[in-house]
Structure formats: structure tokens, C-alpha cells
Amino acid sequence: MAVPARTCGASRPGPARTAFLWHDRGPRPGPGAGRRVARPPRPLSLLLPPLLLLPLLAAPGASAYSFPQQHTMQHWARRLEQEIDGVMRIFGGVQQLREIYKDNRNLFEVQENEPQKLVEKVAGDIESLLDRKVQALKRLADAAENFQKAHRWQDNIKEEDIIYYDAKADAELDDPESEDVEKGSKASTLRLDFIEDSNFKNKVNYSYTAVQIPTDIYKGSTVILNELNWTEALENVFIENRRQDPTLLWQVFGSATGVTRYYPATPWRAPKKIDLYDVRRRPWYIQGASSPKDMVIIVDVSGSVSGLTLKLMKTSVCEMLDTLSDDDYVNVASFNEKAQPVSCFTHLVQANVRNKKVFKEAVQGMVAKGTTGYKAGFEYAFDQLQNSNITRANCNKMIMMFTDGGEDRVQDVFEKYNWPNRTVRVFTFSVGQHNYDVTPLQWMACANKGYYFEIPSIGAIRINTQEYLDVLGRPMVLAGKEAKQVQWTNVYEDALGLGLVVTGTLPVFNLTQDGPGEKKNQLILGVMGIDVALNDIKRLTPNYTLGANGYVFAIDLNGYVLLHPNLKPQTTNFREPVTLDFLDAELEDENKEEIRRSMIDGNKGHKQIRTLVKSLDERYIDEVMRNYTWVPIRSTNYSLGLVLPPYSTFYLQANLSDQILQVKYFEFLLPSSFESEGHVFIAPREYCKDLNASDNNTEFLKNFIELMEKVTPDSKQCNNFLLHNLILDTGITQQLVERVWRDQDLNTYSLLAVFAATDGGITRVFPNKAAEDWTENPEPFNASFYRRSLDNHGYVFKPPHQDALLRPLELENDTVGILVSTAVELSLGGRTLRPAVVGVKLDLEAWAEKFKVLASNRTHQDQPQKCGPSSHCEMDCDVNNEDLLCVLIDDGGFLVLSNQNHQWDQVGRFFSEVDANLMLALYNNSFYTRKESYDYQAACAPQPPGNLGAAPRGIFVPTIADFLNLAWWTSAAAWSLFQQLLYGLIYHSWFQAEPAEAEGNPEVRESSCVMKQTQYYFGSVNASYNAIIDCGNCSRLFHAQRLTNTNLLFVVAEKPLCSQCEAGRLLQKETHSDGPEQCELVQRPRYRRGPHICFDYNATEDTSDCGRGASFPPSLGVLVSLQLLLLLGLPPRPQPQVHAHASRRL
């Protein structure tokens, strides 16, 4: 039955069309049901009764052809299915390759992956590896405590008395503005020779240790010189450790004074701008120096806190947040008469990178007003710490108060909340230059087992916001051997270029006593650490027996991955740990949440689940079956998991004992055989120790052949499993050429190439000339087509990526190909496996023409059926391509073929970019389901600089008017500002931007960010489906049907007559994002567990050392002198202050 043509505004003559009343629809499937837009009203023609409709059907101007009937389009779909299947049966060679494997059954064995045994073995190997590092750690920690105990303090020690290798010396000599270049270093700094070491990815010297001292610590202070003196003895222990275990990497002692001594010696990787590295702020040091923390930071924002003081407070809070790790919990509040959180977080939240970012941004919005109300601030803080209905650290509890001063001691608050047990420590910080009485602040800290600090200027922020760790370390020191437990860190970036590492940490205690019968010293000396590179742990896992889609992973108590194939940060910042949650490394679902919880709890387990996986190129989603098996790694906080697809339960192991056959198959790897046998790409694997790697596969093959001429596949220096499987697959794929490909004419079926790829690492492309345009990864396990073919039944189409697609004008001379691949499944003695993938490469232009013929009314390719004025027939995709759009779209929503010539250059694009209206209709009718996720490892261009220019950390820079204002000069704040100005003149790199660095340093050009990813995959609709895209006068009919045994959707639709129907465009491109809303996420935190040990209390702790005032009142004479020096351009060299406990440093 025909209906009148559509109109867009004015009536337009057009073809008569058949209206399908939602045939074969049935109830709408569940997935995506809640997402579908409300159905608009049906066109008038569908609502009128039949008698009224008849006059409309006879309307003049209707042409003589109609929209194809449903059975016609189903017929076209069957023709397409048969054509694809026929080509793949003839050229793919699936059945023939099965026969080849069976004919060569004597050349290989079928081995089984037993998940439980595998995961237990790997866990045991990792445990053994880490245990060797633990023994080395214990030797170092014991030696350090004994060396320090035996050391005699020297008050008159001089720089020239100490000989050591200063790791930053070479960089400072190259820097004319360096401190040591300006005044000449008095210390006897060694000059060393270095050799390149691939294990360290660096130049090292195994005979010496290196010393790194933070820039803001004076090298010549008595404390530092004594520290250098006694730690020198560690050098021999480092060397002996390496003798016992040559696999040891960096061995490091991080001192509580800020000195880092590490082995082997290597020059420091100093940045071009000022080096802000301080070992006490490294994740591994923080974790080793104290137990987990519940911290509430309260900031005085009363009216007296303004200008520079408020800026100092904001910076101090941000620096304080950087001393927290993922084992800690924190909240930040501001107070005047009332207290309120600075951010959307209403309770303690985990101090992870994203939460700390929220705090840091929120702190910048604090405004000073009102009057000081210590009571409001402390009551808020105690209430936060007493909230037991939330996840928290449940160990050290503390309040950090930043203020410019006040008189109220709020004793009643402490009596109510904290006395007599004093379970919450209170740390007070007097910020800025002022004349207030600091006694109340000192009293608060001393009365609550805390410490009082002063931050008069920006130079004092870093050191005074980390000194509190010494106080938290007291219970650990007093606990003695009980607290001497090795902890393993999260993954983080090594500052010396080793890449991603984990570190074993062990605290080092001060065992000295002030005198006979005196109390035991309660200071922590520092933390000993030994790095383990993630690559060394990966080497203990199975390489290629798990198949392309099997893998091993490991997580810690926070659920962060230690090992995972998706742990691939694009940029790394050594100041922050790499914290990728297991549920973010994979696509989250309830089963994985359950597995994650069980692993964190240290349980064993096994579970088979149906889950979603993202393709390697992140364009597709597949629903697959996976077997998860997991066990804890004893003596650590880690748990190990193994993931296996069912088809990877078994794998092939070649057994080429016949050397004549080895030589015969090896000859098919020689380039001289490529012309007749097809081009061979070999996976760039570590076949032998002496094999030179190369990113160029031709060069890698050349290196491989040269090595094989010197050694045999059974050589001890080679991986016999990899070599035998590679050579076997070379011979098996050559037999495929001989039996199938060589005698076929590819041009007859418009094929550019045929190919086979195997688990053994061979990719054979035929004919040889087709290799010139082959862009797939030579490692099959890293090729998207290979992995997807294993996970999907039938034929998987892969159009070229749109970025690589040629433009229409270039299509005439260059050919674009579409890959079609399928897995080869073997059944040998009841054991099923998939050792290979075969496929063809279609010629895009030729198959687009063939597609039009197959989806037409032709009975023969040369006999098009025309609809004349006197005949009535259905439109088809060939003759009526001006009115009818016919396309094949793959399961990711990407265009594969079209009957529109002008769309050929858009093959490989997301279909919404081609026809947004039609793609939206397919989505709304459940042909596609959308999956959104976040990539937390992406790299983004840096944000343009703000109005603070190059001034670091938001420092206040005065104007000329300020300098001319006498009242400004005489204020107390001026003195603090002058300190900063002089510091900036001396270390002017703090205050100057360096465009050269931005150009040359990739770490500056890109920073870590979050990207939102959207993928589409087939929904639950499998039947043939007709529908109307209802848009008033611009309505469109369309038909959609899945092609059996493929990942294709066949769609026939009327071309749009006008643009009024344009609706929202579906997006598939990756977009920059802030990630999920943190304020909502913290309301449902993911399951985690803290470390098993906690040291937050010891009855013998001496809390009398709780801080002293050390403010420096302004002096008019000094100000005038400094101003003269400033004008003369002769800035003096002030000796940096080192604030610390009196018992540790001067």
C-alpha cells in the first residue's frame, strides 16, 4: 500500500512509499528501555481509517515505486550473508587450516592452563622476589640504627671535613646561578665516572653512594653535616646487599633531616626550574614514617586574616594535603564565628589524588571576614573525627589549625571532646608576621600531644607542614621491634627514571639515650626503602601461554592495580602515586566488585562471569565470558588474580625435534620466499637474550634471521617455547598458502589480501605486495582484529580508522581495504582452543559496488530493473540511490559500506557523523547500547597560565604603589614579603617562566587528566525491524536487520528531505572530563582496607617537646639596609633556616 510523498514546507512530488506498522516488533527489550525518547505522534496517514486513507493513496504526483517491502530487504540481507560467507569459505581457509593442524598433530602438544596452580605459582614467585628485598631492607635498617647510635655528635664539624658525592653537583656547576657556583662549595664533593646500566635505565657508579639534599636546606648546617658523617657508613652495607642479590635496584635511606643517600650513585635528574624534591614528601617515605591518619584541617578566615597571610594559609593547606597518602582520610573546613567545610565534602574522605584536587581548588575560594571563633572550628573538627558511620583510617587522629593568632584557649572544648585520654593530637600553625601572643596556640598543641609551628613566610611552608610526621612517629619508635614491619607501597613513578615501581619501606629508629637512666629517644631517624620495578614482577608472570586475551593482575588493599595490562599511564608525575583502581582498569560490574572485595580481604577464589571488555583500540565493546582466579601474595598487602577466556584453557606447545623440519620451516621466514609464499611479520618478542629489538619489523626480522644463523632453537640463551611455536606456525601458515591462497584469483572477488595470524607470533599476508599497505600490529596479541576475532563468533569486520582514511580524490589511485577476520577453532581430543585467526581484506570501492547490486532487484549484475511510468515496483539500493540510503554499520556504530558514493571517504567514521538522525533512531530502538567510562591515565595539554604568571604557588607580588606606600613598608607583613623577594632574586627561577622548558620537556607540555570514553555495542534486538523516524513532514522510513554470523547491521532508509528532523547527535569521540562527580562518589566509597598495623599511642611517650615560638620582629634598620642592597643589585646570601626539634638539628 503506497502513501503520499513527504513534504518539507511546501509539498514536493516524490516516490510513493509503503508504511510499515511496526512489523515484527513485539515488546521492546529491556536494555536501554529507560533511555529511549518518548515516541512522537504517528503521521496522519497512519492514524486515518482505511476509507479516508484511500483518497490520499491516489493523490496525483505519486511516482511509481515504493519503499521496499520487509521480505524484500530480508532477501537482500540473505544475499549479503551468503556472499560474505562464500568468500570467507573459499579464501579464509578456516576449514583447511583446521585440517593442516590435524595433519601436523605430531609436531605439537596440547597443554592445559590450570588457573589455581598457575596463580599460586606466580604468587609464590612474587613473594620470593619481594622477600629477598625484605632481607636486604632489614640489614640496612639495623645497620643504620647501629651506626647512628655509635656516632659521636660534632658541634664544630665543618663542610671541608665531609667527603661525599653530591648528586646535584654536576647540575649546579652547569647552572651559573647556583648557590655553590656563587660562593664556592666548601664541601669536598667527589667527581665520579659512570657506566650505562640498562637495569637502572641510567648511568651509575657501583662503588659509591650519592647524596641529594633539598634546595631549601642549607648543606653546611651542623645537623646536615653530622647526618652526612654517620650515614657514610651505609655505603658498605649497600654494596654488600648488591653482592648478595645482584637484582637489587635503588637502595635508599631517606632521613628525617631531608637528606637522601642512595645506591648506586647516579647524577640527580634535576629539573630546569628549582628542584623541589624532598624525600620526606615522597609516597614511600610518608607511608613508612607513620601509621594511617584521620586529619581535619581547620583554617581561620576571620577578618584579621587577609592579604599575604591568607595566601600563606592557602598554600600551607595545599602543602599539608601533599603529605597525605591514599591510606589517610581528611577534611578541610574554614571558620570564623561558624565553621563550614570548604568543599562539598561533609565528612572525612580518602586523601586520594582526585579528592585532594577538590580540596585544593576549594581552598583558593576562601575569603576572610568576621571574627575569630576557635570554639566553632574545634567543635566542628572533633565532630568530624567522632563520626563512626563513615569509612576512615581509624588510626592517628589529628586536628591541624592554621591561624594568625588569638587569645582563646578553648579549654572547655578539649575537656569535652579530648581529655583525659587525648586521643586526638592538635597541631597549631601561626601564619604570617604579627605581634599577637602565641602562648594560647602553644598551649593548645602542648595540652593535646601535638606541636606548635610558625610559618612567617612562604619559605617556611614546606618544612613546617611536614614536621608533624616526626611527632606521629613517636609511638612507632617507642613500640620498638613490634613496629619494625616492612610495608609495600602503591605504584608510583621513580624520581631517578626507573619507571613504575613499588617500594618496600622500613622505619629506622633513634636508639640513643640522652644519658644514663634517661628516657629512650623517641625520634624517627628516617625510612629505608628498596625499589622493585614493575617490569621485574611482570617477568614472573606467564608471557604467551595465556593467549591474547588472558592476563595476570594484582591489586593492593586500596583496590589499586599493581599489575594489569591496562595500567598504562600516558604521563607520570613523580610527586603523585599512580592510583588506578581495578574497577577503573576494567569495565565495572557487580561481579568484579565482588572479586575485588574478596581479593582485598586476602581470600582465595574462582568465578566465571559474563562481562564487558573494551577493545584494544578502545572503539568497541564485546560481551564475553571470563574465568577469574585469585590468591593473596603472602607477607605483602597484595593479591594476585588470573583472567582466562574459556578458549584459552588449552594452548599449543610445538615439539620440533626434527632439525631438518626446523630448517625447512625456517626458510619460509627468509624474505626470498615472500614473493611466492606471502610476506611474514613476526611478533617482536624476546626470543633470545642477544636479539636486538627494533620497532621496524623488517629490521627486527633481519636481526632475528642473523641470530638464528648463529644459534639453534634449542639454545639455552633462547626461549625454546617461543622459538619452536614461531617456527611451527611459519610452516603451518605456509601450507595454507600452498593449499588455498596460491591458486586463487583474489581479483575475482575484489580482495586486496588474505592473511593469517597465530598465537605463535606469525602474521602472513598474501600476496607479498599487500604487505606495503598492512598497518596492523605485527604482535597478534596487540592487534585489535586478532583479539576481537577470538572473542566473537563469526566474521568480524574492521573498517579503516577514520584518521587514516584517504580523501575522495585520492581514492582513485589508492585503495582502501576493510578487514574481515574470524578465529580458527580446533577440537583435539575433546579439548577446544583457538590458535589462529584468518581473514581477507576487501577492496572498499569494488565491494561498495557489489553491495549495491546485492541489495537491489537485479537478478543479474548486468540487468538492472528500471521502474517505468506505467509499472509499480520497489526501490532498491542501486537504481534508487538518490532516494534510498543503504549502509552496513559494524557493532561499534562505524560505517563499513554505503550505496552513496560520496560517503565512501567516510567509511570508518562513527555513523552519527554521517547521519545523526538515523543513528539516533537506531540507538533509541535498542539496536545499540551505550557504555560510558573514564580514562584516568590520559594526557592533556597544559592549561594556559593564569594571571599569577610565573609566581609559584600563588605568591603575592607587590605593586609599585605598595613600594611607595610608607604605611605598607612599616607593616609587619612587609618584612615577610621582603624575605620572599630576596629569596626570589637569588633563586629567580622560582619566579620566572621558562618557555624553553615548555618546548623541550614533554612532561611540561602534557599533564595527567581524565577523558570520558563512549562506546556503542549491539543491543538485544536481533529480529528484522521496520520503523518510522517521525518528524512531522520530514518523517523517514527505515529498516534495520543484523546480518547473521557477522558483526554488521544492514540498514535501509529513506534519505532525509530536510534538516528539520535533526535531533541530538550521539557522540563517540573521547572528550576531556572532570570525571564523575567527586561529591557524589564519596557518598558511596569503594571498599578498601587500611594497613594491618597501627601505632598511634604509647603510654611512655614524652610530649613535652611540643614547639616553641621563634618569630622575628621587623626591624626598621634592617629594612632600610635590605632596600639599599636591593637598589644596588647586591643581594646578600641569607643562610636558610632549618626549623626542627632541638634534639635533632641546630
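A salt bridge is counted here where a side-chain nitrogen of Lys or Arg lies within 4 Å of a carboxyl oxygen of Asp or Glu. By this rule the count comes to 42 salt bridges in what is a predicted model. The protein chain has 1146 residues, and 58% of them are buried. Its secondary structure comes to 36 helices and 45 strands.

**The chain as a whole**

- Of the contacts between residues at least 6 apart in sequence, 74% join residues at least 24 apart.

- Helix H9 spans residues 234–244, and its buried residues are Leu234, Glu235, Val237, Phe238 and Asn241.
- These residues cover an arc of only 165° around the axis, which puts them on the same side of H9.
- On the face of H9 turned away from the buried side sit the exposed residues Asn236 and Arg243.

- Arg243 has a relative accessibility of 58% and counts as exposed, because the exposed class starts over 50%.
- Glu240 has a relative accessible area of 30% and is partly exposed.

- Asp791 and Arg626 meet through their side chains in a salt bridge of 2.8 Å, N to O.
- This pair links distant parts of the chain, with Asp791 in helix H26 (residues 784–791) and Arg626 in strand E28 (residues 621–632), 165 residues apart.
- Asp791 is buried at a relative accessible area of 13%, and Arg626 is buried at 4%; both values fall in the buried class because it covers everything under 20%.
- A salt bridge of 2.4 Å, N to O, joins the side chains of Asp891 and Arg788.
- Asp891 lies in the loop between strand E38 (884–890) and strand E39 (895–898), whereas Arg788 is in helix H26, so the pair ties together parts that are 103 residues apart in sequence.
- Asp891 counts as buried at 7% relative accessibility, and Arg788 is buried with a relative accessible area of 5%.

**A salt-bridge network**

- A network of salt bridges links Asp581, Asp584, Glu588, Arg596 and Arg1086.

**A five-stranded sheet**

- Five strands form an open sheet in the order E39-E38-E44-E43-E42, and the pairing is antiparallel.
- E39 and strand E42 (1025–1029) are the edge strands, each pairing on one side only.
- From one strand to the next, the twist averages 25°.
- Seven bridges connect E38 and strand E44 (residues 1048–1054), which pair in the antiparallel sense.
- Cys886 has Val1052 in E44 as its bridge partner.

**Helices against the sheet**

- Helix H3 (residues 70–92) packs on the sheet and touches E38, E42, strand E43 (1036–1042) and E44.
- The direction of H3 makes about 145° with that of E44.
- Helix H28 (residues 844–854) lies across E38, E39 and E44, and runs at about 60° to E39.

- Leu310 is part of helix H11 (residues 308–321).
- Leu310 is buried, with a relative accessible area of 10%.
- Leaving aside residues up to four places away in sequence, Leu310 touches Val301, Val305, Met366 and Ala368.
- Val299 is eleven residues from Leu310 along the chain, and their C-alpha atoms are separated by 9.4 Å.

How values were computed:
Residues numbered from 1 in each chain as written. Predicted model: local features only at pLDDT ≥ 70, side-chain atom pairs only at ≥ 80, totals over all residues. Heavy atoms only, no water. Buried < 20%, exposed > 50% of the residue type's maximum accessible area, 1.4 Å probe, protein only. Helix = DSSP H or I, 4+ residues; strand = E, 2+ residues; numbered from the N terminus. Arc of directions from axis to C-beta. Pairing = 2+ DSSP bridges. Axes fitted to C-alpha atoms, helices over the stretch in contact; angles between N-to-C directions. Contact = heavy atoms within 4.5 Å.
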